[in-house]
Amino acid sequence: MISPTFIKRFNTAAELARNGKHKEALEAFNKINNPLEDPKENRVITGEFLGTVELRKAYCLMDLKRYEEARNLFESDIMKATLGQFDTETLYFYFFSFANTLGNLGEIKEMDKNMSKALNIAAEELGDVKKCEDAWYWLLFWAKEHKEWKYLEEQAISAHKFGVNSKSSFLQNLAGEFGCYAEKGLGKIDKSKKGAEQIIARLKEAKADKKKIKVWEDFLKSLSK
């Protein structure tokens, strides 16, 4: 049993985070392991609890856009020592969040390594297609954001295959869209045009939001400049 005071402090910090008070939440998480006020209360804490606190602190740092500090927490000795004590879903969120921190920092190779771990957990251990889709989206997003066109092209192909195998039309469509950006970046203009035309046709057939259709119409026009 973890000391009640530690649980109370954790819940207070978590509530601050839920309310968007990330700076205050970070300060509260940092104070969880402070000495207990009641001398009669036994000081009991587990490795899993300490790891969870570190993870929540990293989330706060991400929300505060303090990505280097978040990275340091994800790589900390405490985090590494407690990873084996996390349940499968928490482990997914660890790798997923670490990958997005690295994506923000432009560390695409390391982002790929950690997002691939998150994806593997989602697919093989959780069997959660939604989590797979989330992992693929951000992997493709960071590749596009940092103009890693060859890598993006390769990953878009893999994402499409994954979407076919998992029967995810969302992922198949997503892969096609990011593939167009990769082809444009690589100078494969004809392929990019064909892909954009197919996307526009699909969106119109589905009566999608006009703003999204316009984004792709503008993209198609940009290929002719």
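Predicted model: local features only at pLDDT ≥ 70, side-chain atom pairs only at ≥ 80, totals over all residues.
Close-up 1. Helix α10 supplies the largest share of the lining of the largest pocket, namely eight residues. The lining comprises 18 residues in total, and those lying nearest the centre of the pocket are Ala-175, Gly-176, Glu-177, Gly-195 and Gln-198. Two or more lining residues are given by each of the elements α9, α10 and α11. The volume of the largest pocket is about 400 Å³.

**Close-up 2. Residue classes in the lining of the largest pocket.** When the residues of this lining are divided by class, seven are polar, six are charged and five are nonpolar. Glu-177 and Gln-198 are among the residues nearest the centre of the largest pocket.

**Close-up 3. The second largest pocket.** The space in the second largest pocket amounts to about 150 Å³. Its lining is formed by Tyr-137, Phe-141, Lys-144, Leu-174, Glu-177, Phe-178, Tyr-181 and Trp-216. The elements that contribute two or more residues to this lining are α8, which spans 129-145, and α10. Helix α10 provides the largest share, four residues. By class, the lining of the second largest pocket contains six nonpolar residues and two charged residues, with no polar residue.

**Close-up 4. Lys-167 in the loop between α9 and α10.** Lys-167 is situated in the loop that connects α9 (149-165) with α10 (169-185). The phi angle of Lys-167 is near 60°, a positive value in a residue other than glycine. Lys-167 counts as exposed because its relative accessibility is 75%, and the cut-off for exposed is over 50%.

**Close-up 5. Lys-207 in the loop between α11 and α12.** Lys-207 is placed in the loop between α11 (189-205) and α12 (210-222). Its phi angle is near 55°, which is again a positive value in a residue other than glycine. With a relative accessibility of 75%, Lys-207 is therefore classed as exposed.

Terms used
Residues numbered from 1 in each chain as written. Heavy atoms only, no water. Buried < 20%, exposed > 50% of the residue type's maximum accessible area, 1.4 Å probe, protein only. 1 Å grid on protein atoms, 1.4 Å probe; cavity = no way out; pocket = protein on both sides within 12 Å on 5 of 7 lines; lining within 4 Å. Points joined across faces, edges and corners; volume = space filled by probe spheres on them. Nonpolar A, V, L, I, M, F, W, Y, C, P; charged D, E, K, R; others polar.
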